Amino acid sequence: MTMKTSAQSTLSERQLLLCACASLEAQGDTGRLGPAIAKALDGGVTTNELKEAFSQLYAYTGFPRSLNALGTLQKVLAARQAQGISDNEGKPFSRPRLWDDAGQALKQGTEVQTRLTGGTPFNYDFCPQDDYYLKSHLFGDIFAGEQLTAADRELVTVAALSGMKGVEPQLAAHKAGALNFGNTKEQVDELCQWLSANGYSQVDCAADAQAGAWPRGVPNDGYAQYFIGQSYLAPVKPANLSETDKTVANYVNVTFEPGCRNNWHVHHGAHQILICVSGRGWYQEWGKEPVALMPGMVIDIPNEVKHWHGAQKDSWFQHVTNHVAVGGEQSNEWLEPVADDYYDQLK
(Lines give C-alpha, C1' and ligand atoms only; values in the text may rest on other atoms or scores of the structure.)
Protein backbone atom coordinates (compact mmCIF):
# COMPACT_ATOMS: atom_id res chain seq x y z
CA MET A 1 0.00 0.00 0.00
CA THR A 2 1.26 3.44 -0.94
CA MET A 3 1.60 5.55 2.21
CA LYS A 4 3.79 8.33 0.84
CA THR A 5 2.41 11.86 0.70
CA SER A 6 1.43 12.92 -2.79
CA ALA A 7 3.82 15.40 -4.38
CA GLN A 8 0.92 17.31 -5.90
CA SER A 9 -0.63 20.13 -3.91
CA THR A 10 -4.11 19.82 -5.40
CA LEU A 11 -6.27 16.89 -6.43
CA SER A 12 -6.31 15.72 -10.03
CA GLU A 13 -9.44 15.77 -12.17
CA ARG A 14 -9.34 11.97 -12.09
CA GLN A 15 -9.49 11.94 -8.27
CA LEU A 16 -12.35 14.43 -8.13
CA LEU A 17 -14.42 12.57 -10.72
CA LEU A 18 -13.86 9.26 -8.93
CA CYS A 19 -15.01 10.86 -5.68
CA ALA A 20 -18.12 12.30 -7.34
CA CYS A 21 -19.10 8.75 -8.31
CA ALA A 22 -18.47 7.58 -4.73
CA SER A 23 -20.74 10.27 -3.28
CA LEU A 24 -23.56 9.44 -5.71
CA GLU A 25 -23.16 5.72 -4.96
CA ALA A 26 -23.67 6.48 -1.28
CA GLN A 27 -26.86 8.39 -2.05
CA GLY A 28 -28.20 5.62 -4.28
CA ASP A 29 -28.72 8.22 -7.00
CA THR A 30 -28.26 6.01 -10.06
CA GLY A 31 -29.87 8.65 -12.28
CA ARG A 32 -26.99 11.04 -11.71
CA LEU A 33 -24.43 8.27 -11.28
CA GLY A 34 -24.62 7.10 -14.90
CA PRO A 35 -23.53 10.42 -16.43
CA ALA A 36 -20.96 10.86 -13.62
CA ILE A 37 -19.43 7.48 -14.48
CA ALA A 38 -19.20 8.44 -18.15
CA LYS A 39 -17.53 11.72 -17.24
CA ALA A 40 -15.13 9.91 -14.91
CA LEU A 41 -14.14 7.45 -17.64
CA ASP A 42 -13.52 10.36 -20.01
CA GLY A 43 -11.44 12.04 -17.30
CA GLY A 44 -8.99 9.20 -16.81
CA VAL A 45 -10.66 6.97 -14.21
CA THR A 46 -10.30 3.30 -15.20
CA THR A 47 -13.10 0.75 -15.12
CA ASN A 48 -11.28 -1.34 -12.53
CA GLU A 49 -10.81 1.69 -10.27
CA LEU A 50 -14.58 2.25 -10.37
CA LYS A 51 -15.24 -1.43 -9.68
CA GLU A 52 -12.85 -1.34 -6.73
CA ALA A 53 -14.39 1.87 -5.33
CA PHE A 54 -17.97 0.61 -5.58
CA SER A 55 -17.12 -2.79 -4.10
CA GLN A 56 -15.21 -1.20 -1.20
CA LEU A 57 -18.10 1.11 -0.42
CA TYR A 58 -20.46 -1.75 0.38
CA ALA A 59 -18.77 -1.75 3.80
CA TYR A 60 -19.87 1.87 4.31
CA THR A 61 -23.10 2.18 2.31
CA GLY A 62 -24.45 -1.38 2.16
CA PHE A 63 -24.55 -4.09 -0.49
CA PRO A 64 -27.71 -2.80 -2.26
CA ARG A 65 -26.16 0.54 -3.19
CA SER A 66 -22.83 -1.07 -4.04
CA LEU A 67 -24.51 -3.58 -6.38
CA ASN A 68 -26.72 -0.88 -7.93
CA ALA A 69 -23.64 1.24 -8.64
CA LEU A 70 -21.82 -1.73 -10.21
CA GLY A 71 -24.93 -2.45 -12.30
CA THR A 72 -25.00 1.18 -13.45
CA LEU A 73 -21.32 0.95 -14.37
CA GLN A 74 -22.01 -2.20 -16.37
CA LYS A 75 -24.80 -0.48 -18.33
CA VAL A 76 -22.64 2.60 -19.01
CA LEU A 77 -19.77 0.45 -20.29
CA ALA A 78 -22.09 -1.53 -22.56
CA ALA A 79 -23.58 1.67 -24.00
CA ARG A 80 -20.16 3.18 -24.61
CA GLN A 81 -18.92 0.00 -26.24
CA ALA A 82 -21.93 0.11 -28.56
CA GLN A 83 -20.86 3.64 -29.50
CA GLY A 84 -17.38 2.41 -30.35
CA ILE A 85 -15.75 3.81 -27.19
CA SER A 86 -12.98 1.63 -25.78
CA ASP A 87 -12.47 2.41 -22.09
CA ASN A 88 -9.25 1.85 -20.19
CA GLU A 89 -9.65 -1.11 -17.82
CA GLY A 90 -6.57 -0.14 -15.84
CA LYS A 91 -4.62 -2.49 -13.63
CA PRO A 92 -6.03 -6.03 -13.93
CA PHE A 93 -7.75 -7.51 -10.89
CA SER A 94 -5.53 -9.91 -8.98
CA ARG A 95 -6.92 -12.04 -6.14
CA PRO A 96 -5.10 -10.96 -2.94
CA ARG A 97 -3.23 -13.86 -1.37
CA LEU A 98 -4.45 -13.00 2.10
CA TRP A 99 -8.01 -13.88 1.02
CA ASP A 100 -6.95 -17.47 1.62
CA ASP A 101 -5.32 -16.75 4.98
CA ALA A 102 -7.67 -15.42 7.67
CA GLY A 103 -4.82 -14.96 10.13
CA GLN A 104 -2.84 -12.83 7.68
CA ALA A 105 -5.93 -10.78 6.83
CA LEU A 106 -6.46 -10.03 10.53
CA LYS A 107 -2.81 -9.14 11.04
CA GLN A 108 -2.54 -6.86 8.01
CA GLY A 109 -5.95 -5.31 8.64
CA THR A 110 -4.98 -4.45 12.20
CA GLU A 111 -1.84 -2.73 10.93
CA VAL A 112 -3.79 -0.76 8.32
CA GLN A 113 -6.45 0.29 10.84
CA THR A 114 -3.74 1.45 13.24
CA ARG A 115 -2.20 3.61 10.50
CA LEU A 116 -5.64 5.03 9.70
CA THR A 117 -6.18 6.10 13.31
CA GLY A 118 -2.80 7.81 13.51
CA GLY A 119 -0.78 5.03 15.14
CA THR A 120 -3.13 4.26 18.02
CA PRO A 121 -4.63 0.73 18.03
CA PHE A 122 -8.43 0.75 18.01
CA ASN A 123 -10.16 -2.15 19.75
CA TYR A 124 -13.97 -2.20 19.70
CA ASP A 125 -14.35 -4.39 22.78
CA PHE A 126 -18.05 -3.56 23.13
CA CYS A 127 -18.79 -5.67 20.03
CA PRO A 128 -16.05 -8.21 19.21
CA GLN A 129 -17.87 -9.21 16.02
CA ASP A 130 -17.59 -5.75 14.50
CA ASP A 131 -14.05 -5.41 15.80
CA TYR A 132 -13.09 -8.55 13.84
CA TYR A 133 -15.02 -7.53 10.71
CA LEU A 134 -13.37 -4.11 10.66
CA LYS A 135 -9.85 -5.45 11.11
CA SER A 136 -9.95 -8.66 9.12
CA HIS A 137 -12.43 -7.89 6.37
CA LEU A 138 -12.63 -4.13 5.76
CA PHE A 139 -9.03 -3.13 6.46
CA GLY A 140 -7.66 -6.58 5.61
CA ASP A 141 -9.52 -8.22 2.71
CA ILE A 142 -10.90 -5.08 1.07
CA PHE A 143 -7.89 -2.81 1.50
CA ALA A 144 -5.67 -5.52 0.01
CA GLY A 145 -7.02 -4.69 -3.46
CA GLU A 146 -4.43 -3.11 -5.73
CA GLN A 147 -6.60 -0.98 -8.02
CA LEU A 148 -6.62 2.00 -5.65
CA THR A 149 -3.85 3.48 -3.53
CA ALA A 150 -4.48 3.88 0.19
CA ALA A 151 -4.64 7.67 -0.32
CA ASP A 152 -7.32 7.38 -3.01
CA ARG A 153 -9.28 4.84 -0.95
CA GLU A 154 -9.66 7.32 1.86
CA LEU A 155 -10.70 10.11 -0.50
CA VAL A 156 -13.36 7.78 -1.91
CA THR A 157 -14.55 7.00 1.62
CA VAL A 158 -14.69 10.68 2.62
CA ALA A 159 -16.69 11.45 -0.53
CA ALA A 160 -19.14 8.63 0.15
CA LEU A 161 -19.68 9.61 3.78
CA SER A 162 -20.27 13.22 2.71
CA GLY A 163 -23.16 11.87 0.64
CA MET A 164 -24.88 10.41 3.72
CA LYS A 165 -26.60 12.07 6.65
CA GLY A 166 -26.15 10.89 10.20
CA VAL A 167 -22.56 9.65 9.84
CA GLU A 168 -20.72 12.85 10.75
CA PRO A 169 -18.46 11.15 13.36
CA GLN A 170 -17.28 8.66 10.76
CA LEU A 171 -16.79 11.44 8.23
CA ALA A 172 -14.59 13.37 10.64
CA ALA A 173 -12.60 10.23 11.46
CA HIS A 174 -11.96 9.43 7.81
CA LYS A 175 -10.97 13.02 7.03
CA ALA A 176 -8.23 12.53 9.59
CA GLY A 177 -7.50 9.08 8.20
CA ALA A 178 -7.08 10.53 4.72
CA LEU A 179 -4.16 12.56 6.07
CA ASN A 180 -2.62 9.50 7.71
CA PHE A 181 -2.79 7.67 4.38
CA GLY A 182 -0.82 10.28 2.44
CA ASN A 183 -3.16 13.10 1.48
CA THR A 184 -2.54 16.66 2.63
CA LYS A 185 -5.02 18.71 4.64
CA GLU A 186 -5.25 21.10 1.70
CA GLN A 187 -6.27 18.25 -0.58
CA VAL A 188 -8.93 16.95 1.81
CA ASP A 189 -10.34 20.46 2.27
CA GLU A 190 -10.30 20.94 -1.50
CA LEU A 191 -12.27 17.71 -1.97
CA CYS A 192 -14.92 18.70 0.57
CA GLN A 193 -15.32 22.17 -0.91
CA TRP A 194 -15.53 20.75 -4.45
CA LEU A 195 -18.16 18.16 -3.49
CA SER A 196 -20.26 20.85 -1.82
CA ALA A 197 -19.86 23.40 -4.62
CA ASN A 198 -20.88 20.84 -7.26
CA GLY A 199 -23.88 19.48 -5.40
CA TYR A 200 -22.53 16.02 -4.63
CA SER A 201 -22.52 16.06 -0.82
CA GLN A 202 -25.53 15.78 1.47
CA VAL A 203 -23.66 17.36 4.38
CA ASP A 204 -21.09 20.13 4.18
CA CYS A 205 -17.83 18.35 4.90
CA ALA A 206 -15.68 21.45 4.31
CA ALA A 207 -13.30 22.20 7.17
CA ASP A 208 -15.25 25.23 8.38
CA ALA A 209 -18.53 23.35 8.35
CA GLN A 210 -17.02 20.44 10.26
CA ALA A 211 -16.22 22.91 12.99
CA GLY A 212 -19.91 23.80 13.16
CA ALA A 213 -22.21 26.66 12.22
CA TRP A 214 -20.47 29.15 14.52
CA PRO A 215 -17.57 31.15 13.06
CA ARG A 216 -14.22 29.41 13.40
CA GLY A 217 -12.15 32.58 13.60
CA VAL A 218 -8.37 32.66 13.49
CA PRO A 219 -5.75 30.16 14.69
CA ASN A 220 -5.21 30.39 18.43
CA ASP A 221 -1.49 31.06 18.02
CA GLY A 222 -1.12 33.07 21.21
CA TYR A 223 -2.00 30.04 23.35
CA ALA A 224 -0.84 27.27 21.00
CA GLN A 225 1.87 26.22 23.46
CA TYR A 226 -0.85 25.23 25.93
CA PHE A 227 -2.82 23.10 23.44
CA ILE A 228 -2.35 19.74 21.76
CA GLY A 229 -3.72 20.12 18.23
CA GLN A 230 -5.12 23.17 16.48
CA SER A 231 -7.67 25.50 18.03
CA TYR A 232 -9.28 28.72 16.76
CA LEU A 233 -10.74 31.86 18.35
CA ALA A 234 -13.67 34.02 17.21
CA PRO A 235 -14.84 36.87 19.51
CA VAL A 236 -18.62 37.01 19.94
CA LYS A 237 -19.98 40.54 20.13
CA PRO A 238 -23.65 41.37 20.85
CA ALA A 239 -25.18 42.91 17.71
CA ASN A 240 -26.91 45.75 19.57
CA LEU A 241 -23.67 47.28 20.86
CA SER A 242 -21.62 49.87 19.02
CA GLU A 243 -17.99 49.43 18.00
CA THR A 244 -16.96 51.93 20.68
CA ASP A 245 -18.88 50.28 23.52
CA LYS A 246 -16.38 49.19 26.18
CA THR A 247 -18.86 47.17 28.26
CA VAL A 248 -18.97 44.19 25.91
CA ALA A 249 -18.67 40.94 27.84
CA ASN A 250 -15.66 38.86 26.90
CA TYR A 251 -17.47 36.07 25.02
CA VAL A 252 -15.29 34.06 22.65
CA ASN A 253 -16.14 31.06 20.48
CA VAL A 254 -13.38 28.45 20.70
CA THR A 255 -13.13 25.78 18.01
CA PHE A 256 -11.15 22.57 18.54
CA GLU A 257 -10.21 20.27 15.68
CA PRO A 258 -10.68 16.52 16.34
CA GLY A 259 -8.28 15.42 19.07
CA CYS A 260 -7.41 18.97 20.16
CA ARG A 261 -7.49 19.82 23.88
CA ASN A 262 -5.90 22.33 26.21
CA ASN A 263 -3.53 21.54 29.06
CA TRP A 264 -4.67 21.15 32.61
CA HIS A 265 -5.06 24.68 33.97
CA VAL A 266 -6.53 26.80 36.76
CA HIS A 267 -8.41 30.12 36.56
CA HIS A 268 -7.58 32.53 39.38
CA GLY A 269 -9.94 35.35 40.27
CA ALA A 270 -12.76 34.21 37.95
CA HIS A 271 -14.97 31.27 37.15
CA GLN A 272 -15.31 30.21 33.52
CA ILE A 273 -18.56 29.35 31.73
CA LEU A 274 -18.57 27.03 28.72
CA ILE A 275 -21.64 26.98 26.45
CA CYS A 276 -21.34 24.01 24.08
CA VAL A 277 -22.65 24.89 20.61
CA SER A 278 -21.53 22.17 18.18
CA GLY A 279 -19.72 18.87 17.90
CA ARG A 280 -18.64 16.67 20.79
CA GLY A 281 -16.05 17.37 23.45
CA TRP A 282 -14.67 16.52 26.89
CA TYR A 283 -14.45 18.40 30.19
CA GLN A 284 -12.73 17.11 33.30
CA GLU A 285 -11.93 18.44 36.75
CA TRP A 286 -8.95 17.08 38.66
CA GLY A 287 -9.90 13.98 40.63
CA LYS A 288 -13.26 13.55 38.84
CA GLU A 289 -14.47 11.51 35.87
CA PRO A 290 -14.46 13.22 32.42
CA VAL A 291 -17.78 14.61 31.18
CA ALA A 292 -18.80 14.13 27.54
CA LEU A 293 -19.93 17.48 26.11
CA MET A 294 -22.76 17.92 23.61
CA PRO A 295 -24.46 20.99 22.07
CA GLY A 296 -26.71 22.72 24.58
CA MET A 297 -24.72 21.74 27.66
CA VAL A 298 -23.39 24.47 29.96
CA ILE A 299 -20.40 23.98 32.25
CA ASP A 300 -19.66 26.41 35.08
CA ILE A 301 -16.02 25.97 36.13
CA PRO A 302 -15.28 27.28 39.64
CA ASN A 303 -12.20 29.41 40.14
CA GLU A 304 -9.14 27.67 41.59
CA VAL A 305 -10.23 24.28 40.15
CA LYS A 306 -7.74 22.37 38.01
CA HIS A 307 -9.38 21.19 34.76
CA TRP A 308 -9.09 20.72 30.99
CA HIS A 309 -11.48 20.70 28.03
CA GLY A 310 -11.38 20.04 24.30
CA ALA A 311 -12.72 17.98 21.41
CA GLN A 312 -13.28 14.27 21.27
CA LYS A 313 -10.81 12.50 19.01
CA ASP A 314 -13.27 11.91 16.14
CA SER A 315 -15.21 15.18 16.21
CA TRP A 316 -14.76 18.92 15.88
CA PHE A 317 -16.02 20.81 18.92
CA GLN A 318 -17.05 24.40 19.63
CA HIS A 319 -17.93 26.18 22.85
CA VAL A 320 -18.57 29.81 23.68
CA THR A 321 -16.70 30.85 26.79
CA ASN A 322 -16.75 33.75 29.20
CA HIS A 323 -14.97 34.55 32.47
CA VAL A 324 -16.90 36.04 35.39
CA ALA A 325 -14.81 37.91 37.95
CA VAL A 326 -15.07 36.83 41.59
CA GLY A 327 -12.59 39.32 43.04
CA GLY A 328 -8.85 39.62 43.09
CA GLU A 329 -6.38 39.54 40.23
CA GLN A 330 -7.41 37.38 37.26
CA SER A 331 -4.94 35.00 35.65
CA ASN A 332 -4.64 31.56 34.08
CA GLU A 333 -2.17 29.05 35.47
CA TRP A 334 -1.20 26.59 32.73
CA LEU A 335 -0.07 23.14 33.84
CA GLU A 336 0.83 19.77 32.29
CA PRO A 337 -0.68 18.46 29.02
CA VAL A 338 -3.38 15.79 28.94
CA ALA A 339 -1.31 12.73 28.04
CA ASP A 340 -2.03 10.91 24.78
CA ASP A 341 -2.26 7.49 26.42
CA TYR A 342 -4.94 8.79 28.79
CA TYR A 343 -6.86 10.86 26.25
CA ASP A 344 -6.91 8.12 23.60
CA GLN A 345 -8.68 5.67 25.90
CA LEU A 346 -11.61 8.01 26.64
CA LYS A 347 -14.90 6.63 25.29
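Started with Lys-288, which pairs with Glu-285 in a salt bridge, closest N and O atoms 3.2 Å apart. This is a predicted model, so I keep in mind that side-chain atom pairs count only at pLDDT 80 or more.

How many salt bridges does the count come to? I get 13 salt bridges.

Next entry, helix α10. This helix covers residues 185-197 and holds both Lys-185 and Asp-189, which sit 4 residues apart, about one turn of the helix. The two form a salt bridge, with 2.8 Å between the closest N and O atoms. Lys-185 is partly exposed because its relative accessible area is 33%. Asp-189 is at 13% relative accessibility, so I put it down as buried.

Then helix α7, residues 128-141. Here Asp-131 and Lys-135 are 4 residues apart, so about one helical turn separates them. Their side chains meet in a salt bridge at 2.6 Å, N to O. Are these two buried or exposed? I find both Asp-131 and Lys-135 buried.

On to surface patches. I found a nonpolar one of about 290 Å², made by Leu-106, Tyr-132 and Tyr-133. Leu-106 belongs to helix α6, which runs over residues 102-116. Its relative accessible area is 31%, so Leu-106 goes down as partly exposed.

Cysteines next. How many disulfides does the count come to? I get 0 disulfides. I wanted a reason, so I looked at Cys-19: its closest cysteine sulfur is in Cys-21, 9.2 Å away, which is too far for a bond. The cut-off I need here is 2.5 Å between the sulfur atoms. Looking back from Cys-21, the closest cysteine sulfur is in Cys-19, again at 9.2 Å and too far for a bond. On cover, Cys-19 counts as buried because its relative accessibility is 1%. Cys-21 comes out at 0% relative accessibility, so Cys-21 is buried too.

His-319 sits in strand β12, residues 317-325. With 1% relative accessibility, His-319 counts as buried. What does the side chain of His-319 make a polar contact with? I find the side chain of His-309, at 3.1 Å. I also listed the contacts of His-319, leaving aside neighbours within four places in sequence: among them are Val-252, Asn-253, Val-254 and Phe-256, then Leu-274, Ile-275, Cys-276 and Val-277. His-309 is on that contact list as well.

Last page, the whole protein. I count 12 helices and 13 strands. The C-alpha atoms fill a box of roughly 80 × 50 × 35 Å along the principal axes. Of the 347 residues, 46% count as buried. I also looked up how contacts split by sequence: taking those with a separation of 6 or more, 73% come from residues 24 or more positions apart.

Note on methods:
Residues numbered from 1 in each chain as written. Predicted model: local features only at pLDDT ≥ 70, side-chain atom pairs only at ≥ 80, totals over all residues. Heavy atoms only, no water. Helix = DSSP H or I, 4+ residues; strand = E, 2+ residues; numbered from the N terminus. Buried < 20%, exposed > 50% of the residue type's maximum accessible area, 1.4 Å probe, protein only. Polar contact = N/O pair within 3.5 Å; in protein donor to acceptor, adjacent residues only side chain to side chain. Contact = heavy atoms within 4.5 Å. Salt bridge = Lys/Arg side-chain N within 4 Å of Asp/Glu carboxyl O. Patch = residues over 30% accessible without salt bridge, like charges linked within 9 Å, V, L, I, M, F, W, Y side chains within 5 Å. Areas by Shrake-Rupley, 256 points an atom, 1.4 Å probe, with all protein chains shown as cover.
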